[in-house]
Amino acid sequence: MNEVNTVKSFEPIIRKYVNTYFEILTPAEREDLVRRYMAMIYHESRGNNAAKGDNGRSFGLGQIYLPTFTEVNGKYFNGRYKHSDILGKTPAAEDLNIHFGILVLKEKFKAYAYGLKDWTSKLNMITKRYNGAGQKAEDYLKTVQAIEKKYFAPGAGGIPIMAGNSAIMIFLLSGIALSFFFRR
C-alpha cells in the first residue's frame, strides 16, 4: 500500500475523534478537519507510526511532541499513558497517536482559533499552531494545504465529497430530481 493509501486507512479513526471532540463544528467543517489532519499525518510521518522527529522528541503518525504529549496526557488521561504507548505499528498505538493528535488540535482551537470569524481562518490557525508559530508555522500550513489539495481533497483519490447522512441526502435528492425528469 502506498503512503497516501496508508494515511487514508486512518480516516475512520480520525473521523471518530474529530466527531467526538469537535461536535460544535458543522458536519462539513468536521469533514474539512478530517481531510486536513490526514494531510498533516502525511506530511509529518507519511503514515508511519514508528516515525521519530525533532531529534527524537516527536513521535508517530502526528509527530506528537514530548512536552505536548505530557500536557495532553495529564489533562485528558490523568497521566496514565507512557510516551511509548503512542508509538509503533500496532492498531492500538496508531489509534492512540491519532487520539492525542486530535486532542492537540482541540487545544489549539480553544487557545487560538475559537474567536476567529470564519471556518477557513480557524482551520488554518489550528494547522499552523499544531507546528508552532512564526514563519515555520506559515510554511507548514502552505505545505499541508498543498498535500491536502493533491491527495485528500474531495474527489482526490476516493475521499467522499460528503459523508454519512449528507451522502444519503444527496442520493435521495438525486432520485427525486430524476423522477421529476422522467415524469415528463
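Asp-32 and Arg-35 sit three residues apart in helix H3, which puts about one helical turn between them; helices here are DSSP runs of H or I with at least four residues, strands are E runs of at least two, and both are numbered from the N terminus. This is a predicted model, so to speak of local features takes pLDDT of at least 70 and side-chain atom pairs count only at pLDDT 80 or more, while totals for chains, interfaces and linings use all residues. Residues are numbered from 1 along each chain as its sequence is written, and side-chain values use heavy atoms, with hydrogens and water left out.

**Salt bridges**

- The structure holds nine salt bridges (a side-chain nitrogen of Lys or Arg within 4 Å of a carboxyl oxygen of Asp or Glu).
- Side chains of opposite charge can pair when their charged atoms come close.
- Asp-32 is partly exposed at 21% relative accessibility, whereas Arg-35 is buried at 6% (buried is under 20% relative accessible area, exposed is over 50%, and partly exposed lies in between, with a 1.4 Å probe and protein chains only).

**Links across the sequence**

- Arg-36 and Glu-148 also meet in a salt bridge, with 2.5 Å between N and O.
- Arg-36 belongs to helix H3 and Glu-148 to helix H7 (residues 134-152), so this pair ties together parts 112 residues apart in sequence.
- Arg-36 is buried at 5% relative accessible area, and Glu-148 is buried at 12%.
- Arg-46 pairs with Glu-3, their closest N and O atoms being 3.8 Å apart.
- Arg-46 is in the loop between helix H3 (27-45) and strand E1 (52-53), and Glu-3 is in helix H1 (residues 3-8), so the bridge ties together parts 43 residues apart in sequence.
- Arg-46 is partly exposed at 35%, and Glu-3 is partly exposed at 39%.

**The largest pocket**

- A pocket is an open set of points on a 1 Å grid over the protein atoms alone, where a 1.4 Å probe fits, with protein on both sides within 12 Å along at least five of seven lines; lining residues have an atom within 4 Å of a point.
- The largest pocket has a volume of about 330 Å³, that being the space filled by probe spheres set on the points, which are joined across faces, edges and corners.
- Its lining has 16 residues, with Asp-54, Gln-63, Tyr-65, Tyr-130 and Asn-131 nearest the centre.
- Strand E3 (64-65), helix H5 (91-113) and helix H6 (119-130) each supply at least two lining residues.
- The lining divides into four nonpolar, seven polar and five charged residues (Ala, Val, Leu, Ile, Met, Phe, Trp, Tyr, Cys and Pro count as nonpolar, Asp, Glu, Lys and Arg as charged, and the others, Gly among them, as polar).
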